Amino acid sequence: MLLIATTAALVVGGIAWLTGRQGLADACWAGGTVSAVVPAVVWVVGTLRKGRVGVDLIAVLALAGTLIVGEYLAGALIAVMLATGRTLEAAAGRRASRDLRPLLEHAPRSARRRRGGEITSVDLDEVGAGEVLVVGPGEVVPVDGTVTAGTAVLDESVLTGESAQVERRTGEPVRSGVVNAGGVFEVTAAATARDSTYARIVRLAQEAGAGKAPAVRLAERYAAWFLPLTLGLAGVAWGVSGEPVRAVAVLVVATPCPLLLAVPVAVVSGMSRAARRGVVVRDGGALECLGRARTLVIDKTGTLTAGRPRVLEVAAAPGACSPTDVLRLAASVDQVSVHVLAEAITREARDRGLALSLPGEVVEEPGRGVTGTVDGRRIAVGKTDVPSAELPRWARTVDNRALLDGAAVAWVTVDGTLGGAVLLHDPLRRDAPHTVRRLRTAGLTRLLLLTGDRPEPARQVGTVLGLDDVRAGQLPADKVRAVRDECGRAVTMMVGDGVNDAPALAAADIGVAMGARGATSASEAADIVLSTDRVARLADAMDIAVRARRIAVQSAAGGMVLSLVAMAAALLGLLPPAAGALLQEAIDVAAILNALRVVLPAPGTGGPPLEPAAERLIHRFAAEHEDLRGVLDAIREAASLLSADPGPRALAAVHHVDRLLTERLLPHEHAEEHQLYPALNARLGGPDATETMSRAHAEIERLAHRIATHLALADAAGDLLPEQLDDLRASLYGLHTVLRLHFSQEEESYFSLSS
């Protein structure tokens, strides 16, 4: 409204002046000046109350001076410039919001209380410690307490950020805010709603956001020295000449329009460019701060990892069915379950193209698993009742592997006997290693992982990605403390995607939320929201922020140098106020045009775009990698059989591997070498970039040929010879290792190029 009013006053006054009505022109210009003085005084007073001196003070003095000496045109021009700068900043700041409404909406309002045989619904405020509450399927646990009846199967992702469900038995504690993913259970309240975990999270987010110190804006830092210099020169001009109009002329040309306009233009342009990269920055202060960030605190689940379980490996008991059969039977039963691990098993089987059977007589026991009849056999998937010490050797091997890999195990029982196991984990995102390297290149010197997950998988992620510190088992309060500690050492960013991350996001210098699939409350508590599901875009935004800041400094400094020259001319009486205002406008235009360079791509950044044909090839070979994961399982299974039972079964398993290599794996690697890699050469800068991967292809082919040679020797002898076992086993394990590493490298380096 101020911009409209001042612009209208300037234009109408200009028309009146052109028609020879000087009095009306002066009245319009004076009116525009007065309309700007009042809000400008309010802004200055508000800034002074915060203990800061803003650039608006010079504008107020200049506006007042033009009114006093009757230089109304100069006043109207300054009013328009002041209103334009404020409008730009207001447009950038309208997105700023720390609304905690999603956090509050998740909190339950009532609870079902049991007294004797009667169950009644009561307001949450009426629940006291020691009272028994009934929690039904899908309901939110209302208060902290202890399970007293039934088994609680809980989705604790709202607190820990981890997607895997957990089981709490009788006597174990539960926290408010978690969701009942199983059957009905009872909990005895250990605290009131106000003193429970979820209420504390809301308070943490509110307190953390309120306690953040306001950032010192770039324009204010320049104003700190420019303001006293201007006032000194204006005083000298008045004192030497004895004419107040000279002091006003100095103030007019000193009005820091490069600060009022060029800096906001550069910042808003940077925000616009970042938004085009999928990074929504809420206000200019966050963008300025982003360019100075040196520490990143990041959550694990959903940011560095996929955020949902995925099958790591399938194992089969010796002498029973194959790993493929184990997966098919498990998925056939699990397809009727809504458990997060069951969904992962079913998804894996369908991705491998397995034909699932319709199960019958299905029984699902929360916290234990699913049982059903598949093709005439009774199949159970989930936990096993066999004690660890009594597990067969192959099962103990699976248990050990799960411990080392930080994986969960779904045991598969066939007609009452352990027949296999499915190992599941939350895998690293394909682009995670590239993301970490990109963030370090952008200027981050310390990367800290905070997660509510167990130490084993957290440490694995930290080791693979080369993070500087890893802390597991972190609750929201722990994350807030860690973030505040880091903020005390350097400008710190926090990246998270869950409700449990909202307090830490609010406490950080810069909170970054994964808005593409994260919790709404995390987005609301953040300064920056990633609208795309790629953390690497944050590094792009950091580059944009650094460039926006550099160009803003160039524009402001260049404009202020020109203003100083004009101030000297005004001091000497060579530049009257109106002419000074017009000259200042010319300086502003030059500063703004320079600031608008932020919208353009930085010269020399980025390689040529990925061709559509190359993009299609990436998607094709990425899908084939998913299909070939069963080949890796078969290779490892054959190697294990050579150790456990080097007889006909092992020979048959190696023959099966040879067929998979000949019919599926080697054609895939050959197609990559001759189709995908040449298509990527332009994007990667030439064939040298794929040379290492080509060498891996040669090693894979060499090992495959070595295995085929062993089979030819065994077939000629009628069985595997003792002298073959060690080398054949080494070849299989070597091929398995090379393939896992090769697949990971391709997914990280090449497949992540696809958007």
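This is a predicted model: local features need pLDDT of at least 70, side-chain atom pairs count only at pLDDT 80 or more; totals for chains, interfaces and linings use all residues.
Strands here are DSSP runs of E with at least two residues, and helices are runs of H or I with at least four, numbered from the N terminus. Two strands pair if DSSP finds at least two bridges between them.

What joins S12 to S17? There are 6 bridges between these antiparallel strands, and one of the facing pairs is valine 311 with leucine 424 in S17. On to S16 (residues 408-414) and S17 (residues 417-425): this antiparallel pair is held by 7 bridges, with threonine 413 opposite leucine 418. As for cover, 6 of the 7 residues of S12 are buried (under 20% relative accessible area; exposed is over 50%, and partly exposed is in between, with a 1.4 Å probe and protein chains only).

Helix H12 (residues 323-334) is also well covered: 10 of its 12 residues are buried, so the rest of the structure largely encloses it. Among these buried residues are Pro323, Leu327 and Arg328.

Helix H2 (residues 22-49) holds valine 38, which counts as exposed at 53% relative accessibility.

Salt bridges (a side-chain nitrogen of Lys or Arg within 4 Å of a carboxyl oxygen of Asp or Glu) turn up 31 times in the whole structure. One of them links glutamate 361 and arginine 378, at 3.5 Å from N to O. Glutamate 361 is in strand S13 and arginine 378 in strand S15 (residues 377-382), so the pair ties together parts 17 residues apart in sequence. Glutamate 361 is exposed at 62%, while arginine 378 is partly exposed at 30%. Another salt bridge joins arginine 471 and aspartate 469 at 3.2 Å, and both belong to a network that also links Arg446, Glu486 and Arg489.

A word on the ground rules: residues are numbered from 1 along each chain as its sequence is written, and side-chain values use heavy atoms, leaving out hydrogens and water. Local features need pLDDT of at least 70 and side-chain atom pairs count only at pLDDT 80 or more, whereas totals for chains, interfaces and linings use all residues.
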